[in-house]
Amino acid sequence: MCGIVGLFLKDKALEPRLGALLTDMLVTMTDRGPDSAGIAIYGDPVAARAKVTVQSDAPDADFPDLAETVQAFVNGPVSLTRRDTHAVLSVPAGTAEEIRAHLRTVAPSVRVMSFGDTLEIYKEVGLPGDVAARFDIASMSGTHGIGHTRMATESAVTTLGAHPFNTGADQCLVHNGSLSNHNALRRKLRREGVHIETMNDSEVAAAYITWKMNNGATLGEALEKSLDDLDGFFNFVVGTKDGFGVVRDPIACKPAVMAETDQYVAFGSEYRALVNLPGIDAARVWEPEPATVYFWRHGETTTPTKKAA
């Protein structure tokens with residue numbers, strides 16, 4: 001079944017509350033997915049720096065020397081900030097993807113959750129409220145973020161199998177539904193050099209969006225092409241460094257609702273996820289149409305794009 005939430009802030013005054021607002025939205029969706037949960041937070045960039053968020057089942061053993069291990073193969077300082085089983089490595093700009101690949105060799109028990117200039121992903125097995133509390137998500141600020149609580153249908157219940165999925169710099173995706181052609185598409189994308197770590201169908205969708213954007217598509221164009229190339233039932237909410245997008249498959253059997261005010265754009269699998277947002281009583285609330293791409297970027301006004309029949 002799964003539950004999805006997303007929040008894109010237009011009003012900078014709300015940025016200190018992003019983590020708290022997303023946490024409340026996701027906890028409301030707990031009964032849609034008891035297996036695992038995760039939240040992606042897009043924060044402010046730091047000049048000349050990037051981030052790699054990692055996870056370990058044995059953080060007391062893996063994290064104390066990890067910054068020094070990474071610094072041995074990059075040119076520039078590396079620091080580590082731990083949050084429970086996760087840690088954020090602050091690294092020189094332009095090195096995050098290289099570090100992600102290198103960690104598989106030098107620290108195989110450490111798993112990369114996300115990489116990019118602004119993105120941090122925190123996810124674990126467990127209920128949304130427990131996961132959010134472990135990482136103190138409510139204290140985090142940022143410009144936009146997405147969250148997911150999972151009821152597993154396509155792969156094992158593990159940390160890596162939890163959403164959101166990050167397959168490209170500052171890109172991530174959450175998904176409610178199931179894809180029927182993910183195995184063939186996974187093989188194709190791996191041949192194209194796209195990194196895919198799990199057997200989860202939703203990670204294939206994330207990797208597909210990364211592949212299209214790496215080949216010059218905008219987020220909106222990549223989401224529109226997904227309607228042609230991905231078979232199955234899906235609601236996708238996608239984040240990029242400066243954007244936020246939503247698309248439903250042409251049948252649109254999975255529930256979805258959106259709200260927009262002068263302060264934010266919000267997505268929830270059900271309206272109850274939105275009821276505590278500021279100013280929701282005056283928001284424009286609607287159900288996103290089937291086969292229609294909605295996306296917003298900071299500083300831009302966006303018009304939905306409907307796929308031609």
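1. Basis of the values. Because the model is predicted, local features need pLDDT of at least 70 and side-chain atom pairs count only at pLDDT 80 or more, while totals for chains, interfaces and linings use all residues. Residues are numbered from 1 along each chain as its sequence is written, and side-chain values use heavy atoms, with hydrogens and water left out.

2. Helix H1 and its cover. Helices (H or I, at least four residues) and strands (E, at least two) are DSSP runs, numbered from the N terminus. In helix H1, which spans residues 18-28, the buried residues are Leu18, Gly19, Leu21, Leu22, Thr23, Met25 and Leu26; here buried means under 20% relative accessible area, exposed means over 50%, and partly exposed lies in between (1.4 Å probe, protein chains only). The elements that cover these buried residues include strand E1 (3-9), E2, helix H5 (128-135), E8 and strand E14 (264-268), where contact means heavy atoms within 4.5 Å.

3. Ala96 belongs to helix H4, residues 96-106, and is counted as buried because its relative accessible area is 6%. Leaving out residues up to four places away in sequence, Ala96 touches Ala50, Lys51, Val52, Val91, Phe115 and Gly116. The C-alpha atoms of Ala96 and Asp117 are 8.4 Å apart, although 21 residues separate the two along the chain.

4. Asp62 lies in helix H2, residues 59-62, and is buried with no salt bridge, the nearest side chain of opposite charge being that of Arg111 at 7.5 Å. For this comparison Lys and Arg count as positive and Asp and Glu as negative, whereas His and the chain ends are not counted. The side chain of Asp62 does make a polar contact of 2.9 Å with the side chain of Ser109; such a contact is a pair of N or O atoms within 3.5 Å, and within protein one must be able to donate a hydrogen and the other to accept it, with residues adjacent in sequence counted only if both atoms are side-chain atoms. Beyond its neighbours within four places in sequence, Asp62 is in contact with Ser56, Ser109 and Val110.

5. Backbone points to check by eye. Most residues other than glycine have a negative phi, and most peptide bonds are trans. Ala48, which is not a glycine, has a positive phi of about 65 degrees; Ala48 sits in the loop between strand E2 (36-42) and strand E3 (49-56) and counts as exposed because its relative accessibility is 60%. Asp84 also has a positive phi, near 55 degrees, and is placed in the loop between strand E4 (79-83) and strand E5 (86-92). A cis peptide bond, with omega about 0 degrees, joins His163 and Pro164, and Pro164 is found in the loop between strand E8 (144-150) and strand E9 (165-168).

6. Salt bridges. A salt bridge is a side-chain nitrogen of Lys or Arg within 4 Å of a carboxyl oxygen of Asp or Glu, and by this rule the count comes to 15. One of them joins Arg134 and Asp84 at 2.8 Å, N to O, and this pair links distant parts of the chain, with Arg134 in helix H5 and Asp84 in the loop between E4 and E5, 50 residues apart. Arg134 is partly exposed, with a relative accessible area of 37%, and Asp84 is partly exposed at 31%. Arg248 and Glu287 form another, with their closest N and O atoms 3.0 Å apart; Arg248 is in strand E12 (residues 243-248) and Glu287 in the loop between E15 and strand E16 (292-297), 39 residues apart. Arg248 counts as buried because its relative accessibility is 1%. Asp31, Arg32, Glu270 and Arg272 are linked in a network of salt bridges.

7. A nonpolar surface patch. Tyr271, Val275 and Val285 form a nonpolar patch on the surface, with about 230 Å² of accessible area together. Patches are made of residues with over 30% relative accessible area and no salt bridge, like charges being joined within 9 Å and nonpolar side chains (Val, Leu, Ile, Met, Phe, Trp, Tyr) within 5 Å; accessible areas come from the Shrake-Rupley method with a 1.4 Å probe, and for residues only the protein chains shown count as cover. Val285 lies in strand E15, residues 284-286, and counts as partly exposed because its relative accessibility is 37%.
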